[in-house]
Amino acid sequence: MIREFFFCLQEAPHARFGLPVLAEQAAILARYRRCAPLWDTHLANSKNILRETAHNCASKRCAVILGSGLLLDVPVDDLCDLFDQVVLIDLHHPKVARLAAKQHPNLVLRRDDVTREGCWQSLPASADFVVSLNMAAQLALKEGGEAAALSHISHLNSRAGTSLMISEWRRTEMGEGGEAVAQESALPVGGDFGPPQKSWKWYLAPPGELAP
């Protein structure tokens, strides 16, 4: 709790979208620190798919990452080496992102709300690679979120060039004995997407985080 407080205190002068955004990032970072061994496979898979898809892009003028956050699952160095420009879009760019921007002259940090219609319209015309990073399922959890998630997916699919969506696909609640006791789709019904091309398990909240 103390580390989360100091994270928010450190980031407050750079925040434009309010304390709740900082508190959410602080909570994610705190959980990662507690659960790193169980998160690392997910983060490595995300980075590998980003690298693989980026390498296969026919043109490498600009890459856009929607939901870059704490950069835990973003191979920033590799993307900056591949593309003329890399644009990270999120409500808040923490210190790790600001330091990365100082290190890479072709890295641009943009604060924006991806649920804002104008956000999509103002993406660089040169964007050859657009990535939605763990956003669609999170949007669906919010009030009125199903419509926001469907709109997000529709915008992503309408982009020219290469688009990639990394998202929770299905959520499973485990019992104390390790058995599945409940399961639900993480994405809204009716979205313009098929089954995932690749999938893996992410132990988002291992035993002890939310319940035994």
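Thr172 has Gln183 of strand 7 as its bridge partner. The model is predicted, with local features requiring pLDDT of at least 70 and side-chain atom pairs pLDDT 80 or more, while totals for chains, interfaces and linings use all residues. Residues are numbered from 1 along each chain as its sequence is written, and side-chain values use heavy atoms, without hydrogens or water. Strand 6 (residues 170-174) and strand 7 (residues 180-185) pair in the antiparallel sense over 5 bridges; pairing requires at least two DSSP bridges, and strands are DSSP runs of E of at least two residues, helices runs of H or I of at least four, numbered from the N terminus. In this hairpin, with 5 residues between the strands, Gly178 takes a positive phi near 90°.

An open sheet of 5 strands, paired in parallel, has the order 3-2-1-4-5. Strand 3 (107-111) and strand 5 (162-166) each have a single partner strand, so one side of each lacks a neighbour in the sheet. Within the sheet, strand 1 (residues 62-66) and strand 2 (residues 85-90) are joined by 5 bridges, and Val64 has Val87 of strand 2 as its bridge partner.
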